[in-house]
Amino acid sequence: MATVPQITAVKRTSGSNLPKRPVYLDYQATTPMDPRVLEAMMPYFMEKFGNPHSRNHEHGWEAEEAVEKARKQVADLIGADEREIVFTSGATESNNLAIAGVARFYKDRKDHIVTLQTEHKCVLDTCRHLELEGFKVTYLPVKKDGLVDLDVLRNAITDKTALVSVMAANNEIGVIQPLKEIGELCRSRGVFFHTDCAQAFGKIPLDVEAMKIDLMSISGHKIYGPKGIGALYVRRKPRVRLVPLIHGGGQERGFRSGTLPTPLCVGLGAAAEIARREMADENAKLLKLRDRFYKSVTDRLPEVYLNGDLKNRLPGNLNISFAYVEGEGLMMGIKDLSVSSGSACTSASLEPSYVLRALGVTEDLAHTSLRIGFGRFTTEAEVDYAADRIVEAVQKLRQMSPLWEMAQEGIDITKIQWAAH
Amino acid sequence: MTRPVYLDYNATAPLKPAVIDTMTAALTECGNASSVHRFGRLARRTLDAARDEVAALVGAEARQVIFTSGGTEANNLAIGAAGAGRRILVSAVEHDSVLRAVADAEIIPVDARGEVDLAALQAMLERDTRPALVCVMLANNETGATQPLALIAHLAHAHGALVHCDAVQAAGKMAIDVTGLEIDALALSAHKLGGPQGIGALVVRDHIELHPLLRGGGQERGWRAGTENVPAIRGFGVAARLAREELAAMQALGALRDAMEQRLLRVAPDVVVMAPGAGRLPNTSCVAVPGIPAETQVVALDLAGIAVSAGSACSSGKVRPSHVLRAMGASPEIAGSAIRVSLGWRTAPEDIEHFVDAWTTMVARIRGNQHAGRVIPVPAA
């Protein structure tokens with residue numbers, strides 16, 4: 001078996017000690033499993049292996065009971081009824097099901113969807129595909145801080161709008177959209193409100209009643225639970241109806257067929273329960289770590305730009321651009337930090353992040369952006385170490401950069417007429 | 001108190017110990033397989049190794065394997081390849097995840113053994129509007145009856161139709177060579193062969209154009225978006241390798257199953273064994289006891305600590321005569337009194353002893369009561 005670095009709370013005596021393994025600061029891509037979650041799951045990999053849909057024997061019943069308990073744990077975290085929770089294979093499926101499902105069900109009356117340019121790729125790709133099916137989609141711009149302008153949203157909604165899909169927290173820049181205001185606006189206009197909460201569920205307080213949310217996408221592996229499991233909240237009153245994506249045995253009240261993976265459901269439930277109990281303390285800790293990191297970097301480096309609003313933001317997220325360095329060089333310089341330069345799904349390509357572009361970040365600065373995600377197992381020592389590495393790498397790259405030199409001499413490089421060679 | 005006997009492997013199989021070990025390790029590791037940093041790259045490498053194992057189980061190339069959330073999703077994904085509005089032929093004994101995924105399915109009839117009627121298939125293929133896709137499962141989940149897929153594929157291809165095969169129940173219980181059979185798409189599920197729930201695969205030949213069900217981050221070469229479920233995929237890889245290595249042991253279960261059926265027939269000569277003879281999975285037995293409703297049997301057996309099934313596990317809660325047995329021409333009475341006994345990697349001869357004893361006691365008790373004039377309800381058609 002390959003030896004893969006394990007992520008547990010790493011004890012380092014000093015922030016500058018060279019780590020044996022990379023420091024994981026990519027908590028928006030995925031999170032390590034909480035050992036308590038794994039413990040809850042284990043019996044269902046072992047003696048309690050039954051198919052939760054088997055109706056004829058104890059093996060099936062005990063699996064079903066576990067799945068239903070998990071459903072309640074998920075519902076409790078967002079103020080929902082457990083009958084409103086549909087388990088899926090993850091947030092990508094939840095987003096596809098919510099958007100395509102609502103659009104296709106109501107297409108005889110309504111054919112318009114409103115969303116943001118900064119949504120996750122799986123929301124945007126689903127919308128683009130629906131355009132091919134004849135739906136109209138409005139992709140709203142965001143303000144410089146990454147937040148939607150409510151007046152712009154209000155004006156985009158028409159009598160033909162079936163659905164507004166706005167994410168709760170952005171996966172790259174962590175900004176939190178004004179959900180309550182959007183929910184009220186949608187309800188008053190008779191439009192369903194879907195929100196992709198892959199990054200927000202378990203991280204910030206969410207309440208489907210107070211926020212008038214009709215559909216909510218939920219992910220397991222972003223909240224220290226397992227991969228391969230997610231959920232879609234589907235409101236019962238007023239009832240939201242969907243055309244399913246996956247047909248078959250009629251599980252999940254027909255919304256989503258397929259054998260439910262009992263251990264994964266149990267894991268999502270346990271992760272939700274832990275998040276509900278510990279969210280407040282954890283967020284306080286994460287804010288401290290984030291501020292410590294940000295201060296440490298900005299105290300030592302000029303020309304560092306924060307992307308996205310700082311106040312309305314996930315406590316565990318920073319997204320910063322470093323002027324006068326080259327993106328790939330920066331990534332090479334911090335190889336022992338696992339951070340992301342864009343969302344994980346697209347980071348294998350060298351396209352600048354479309355989220356940052358939507359904020360009006362220049363291509364140069366988008367290329368040198370780092371998404372730094374702090375989480376449950378991040379330590380102060382790791383934060384200090386990461387800040388040191390980044391400061392060192394940026395300083396080194398800037399020393400080699402003629403642009404930096406020119407900037408130091410007071411030349412405005414945006415005004416230079418470069419000669420073609 | 002005897003130990004519980006699990007004979008419902010076609011619903012789900014207990015995980016094999018090596019699968020549990022691999023998954024326990026994988027679940028404590030972290031990394032998104034699409035991330036470029038070291039954690040992500042390591043996740044990617046283990047994922048590729050698992051893909052090789054799953055491909056090897058069915059004689060495919062690794063690049064032809066698309067991981068899905070399970071067999072149901074794999075079947076749905078394959079059916080989309082037909083394209084909108086095209087004719088799709090579906091055998092009468094398919095799983096609901098095929099039957100219900102096709103809006104206007106044309107049903108291919110089967111014979112009393114549950115085998116596709118090739119003459120009927122040919123006639124359907126020859127009709128003016130040529131079908132785009134033929135869906136026939138490799139082995140049935142309720143009876144274990146296998147289909148002549150090579151013949152079906154030959155016939156379908158001769159008429160320009162693609163062939164999708166649901167191999168969820170067959171994988172690990174019989175040798176599969178997707179290339180030799182010339183099947184265009186093949187669905188697999190991990191939890192039926194000792195792997196984890198929540199993971200499956202669609203194996204597709206290189207030329208097939210799919211229409212993704214899930215769109216987004218471009219994973220699985222764009223055919224299936226969503227963060228790769230690496231621990232489950234690794235568990236699937238181990239289960240696929242073990243299934244290939246332990247195929248002989250699985251096939252040896254056939255003798256145990258056959259002996260069991262003989263004993264049931266000796267106890268009650270009117271017992272009906274569904275799809276008997278050759279061309280049946282070695283682990284599956286579907287037996288009807290006329291006059292005793294299946295529900296009564298499974299409840300009595302559960303009280304005796306034995307888990308069997310009254311049909312497929314998916315049809316959440318609803319009790320109705322099996323569409324599979326009805327398509328084979330079984331009367332409502334026979335279909336309503338059939339139970340499925342399915343064996344697997346942990347089944348020991350003692351388990352079958354316990355089952356036969358409990359079953360014998362049950363039949364004697366119920367039939368004794370019947371003879372005493374007690375009313376035992378028989379399900380309506």
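Chain A has twelve helices and twelve strands, where helices (H or I, at least four residues) and strands (E, at least two) are DSSP runs, numbered from the N terminus. This is a predicted model, in which local features need pLDDT of at least 70 and side-chain atom pairs count only at pLDDT 80 or more, while totals for chains, interfaces and linings use all residues. Residues are numbered from 1 along each chain as its sequence is written, with chains lettered from A and ligands numbered from 1 in the order in which they are written.

**Overall build of the chains**

- The C-alpha atoms of chain A fill a box of roughly 75 × 55 × 40 Å along the principal axes.
- Buried residues make up 56% of chain A; a residue is buried if 20 or more other C-beta atoms lie within 10 Å of its own, exposed if 12 or fewer, and partly exposed in between, with C-beta atoms placed from the backbone.
- In chain A, 75% of the contacts with a separation of 6 or more join residues 24 or more positions apart. Two residues are in contact if their C-beta atoms, placed from the backbone, lie within 7 Å.
- Over in chain B, there are 13 helices and twelve strands.
- Chain B has 381 residues and a radius of gyration of 21 Å, and that agrees with the compact-globule value near 21 Å.
- For chain B, the C-alpha box is roughly 75 × 55 × 35 Å along the principal axes, and 57% of the residues count as buried.

**Where the chains meet**

- The contact takes 62 residues from chain A and 63 residues from chain B.
- On the chain A side, helix 1 (35-45), helix 2 (58-77), helix 3 (91-105), helix 4 (121-132) and helix 7 (262-300) are the elements that give two or more residues.
- Helix 4 of chain A gives the most to that side, with five residues.
- By class, the chain A side has 25 nonpolar, 30 polar and seven charged residues. Ala, Val, Leu, Ile, Met, Phe, Trp, Tyr, Cys and Pro count as nonpolar, Asp, Glu, Lys and Arg as charged, and the others, Gly among them, as polar.

**Domains of chain A**

- Chain A splits into domain 1 (23-34 + 279-405) and domain 2 (35-274), with bounds from an automatic or database domain assignment.
- The centres of domain 1 and domain 2 of chain A, taken over C-alpha atoms, are 28 Å apart.
- Their contact takes 25 residues from domain 1 of chain A and 32 residues from domain 2 of chain A.

**Helix 2 against helix 7 in chain A**

- The axes of these two helices come within 8 Å and cross at roughly 30°. Axes are lines fitted to C-alpha atoms, for helices over the stretch in contact, and angles run from 0 to 180 degrees between N-to-C directions.
- Residues making the contact include Ala63(A), Val67(A) and Leu77(A) of helix 2 and Val266(A), Gly269(A) and Arg276(A) of helix 7.
- The contact's residues divide into eleven nonpolar, three polar and four charged.

**A look at Ile99(A)**

- Ile99(A) sits in helix 3 of chain A and is buried, because 32 other C-beta atoms lie within 10 Å.
- Leaving aside neighbours within four places in sequence, Ile99(A) is in contact with residues including Ile113(A), Val123(A), Leu163(A) and His194(A).

Conventions. Rg over C-alpha atoms; globule rule 2.2 N^0.38 Å.
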